[in-house]
Amino acid sequence: MATLIRKEDREYLKGEFDKYLKNDVDLVVFTSNDENCRYCKETVQLATEVSEINPKIHLKVYNFDEDKDQVKAYGVEKYPATIVSKAGVEDGRIVYYGLPSGYEFGSLIEDLKNVSVGDADVSSKAAELISKIDKPITIKVYVTPTCPYCPRAVGTAHKFALMNPNIKGEMIEALEFENEAEEVGVSSVPHIVINNDVTFIGAYPDDQFAEYVMEAYDHQ
């Protein structure tokens, strides 16, 4: 099978990981035996290739249909799913539903760096707002692989999830999960839905994004 990551990209990523990875991280994939899962094999292959670049990245592959304890522990709702978490911690707050390809591959790489360091670069205002969240918040970011603005929105949602354990950030590939995207009215991306309550479209600066999160929080 042909590799998904080109040789020159692998060499670039090796340099990035050597420079930025501090602590070990888990790259967790949930796949399925479902023959209708279009990108399950590719999702496993992509995560495998990424994990082979640096020894601090540990690959874990689970079956959604069989590994029920892990599905519950990570809070996984569908497949394929890719999760980035601290090594040894069953934490599904930073998750990709669908193949993290195209522009979203860059988001995955940034998440690996941020989780490894245990910190994220956001504005002081956003950090102040996000620190106030003391109830569960789920941020869903609907994307397509060819959307150049989507990684910014996904990155912000995942940074917030890294900063506050009450927040879960989900990237959902709208073409792979067409029915779900249709149900929430996705017509352009990035389409963000917070707690199935507050919706907006576009890659906003992190402080404005945080204000939308607080709006959903206040509605609870």
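In the predicted model, eight residues of domain 1 are in contact (heavy atoms within 4.5 Å) with seven residues of domain 2. The domain assignment of the chain, whose bounds come from an automatic or database source, places domain 1 at 7-88 and domain 2 at 124-219, and the C-alpha centres of the two domains lie 21 Å apart. Between them, domain 1 and domain 2 bury about 540 Å², 43% of it on carbon and sulfur atoms, where buried area is the accessible area (1.4 Å probe) that two parts lose on being put together, summed over both. On the side of domain 1, the residues that lose the most area to domain 2 are Arg38, Tyr39 and Lys78, which together account for 64% of what that side buries.

Residues are numbered from 1 along each chain as its sequence is written. Because the model is predicted, local features need pLDDT of at least 70 and side-chain atom pairs count only at pLDDT 80 or more, whereas totals for chains, interfaces and linings use all residues, and side-chain values use heavy atoms, with hydrogens and water left out.

Helix 1 (residues 7-20) packs with helix 4 (residues 104-117) at an angle of about 20°, the axes being 10 Å apart; axes are lines fitted to C-alpha atoms over the stretch in contact, and angles run from 0 to 180 degrees between N-to-C directions. Helix 1 is therefore roughly parallel to helix 4, a term applied to angles under 35 degrees. In this pairing, Leu13, Glu16, Phe17 and Tyr20 of helix 1 meet Phe105, Ile109, Leu112, Lys113, Ser116 and Val117 of helix 4.

Key:
Helix = DSSP H or I, 4+ residues; strand = E, 2+ residues; numbered from the N terminus. Parallel < 35°, antiparallel > 145°, perpendicular 65-115°, else oblique.
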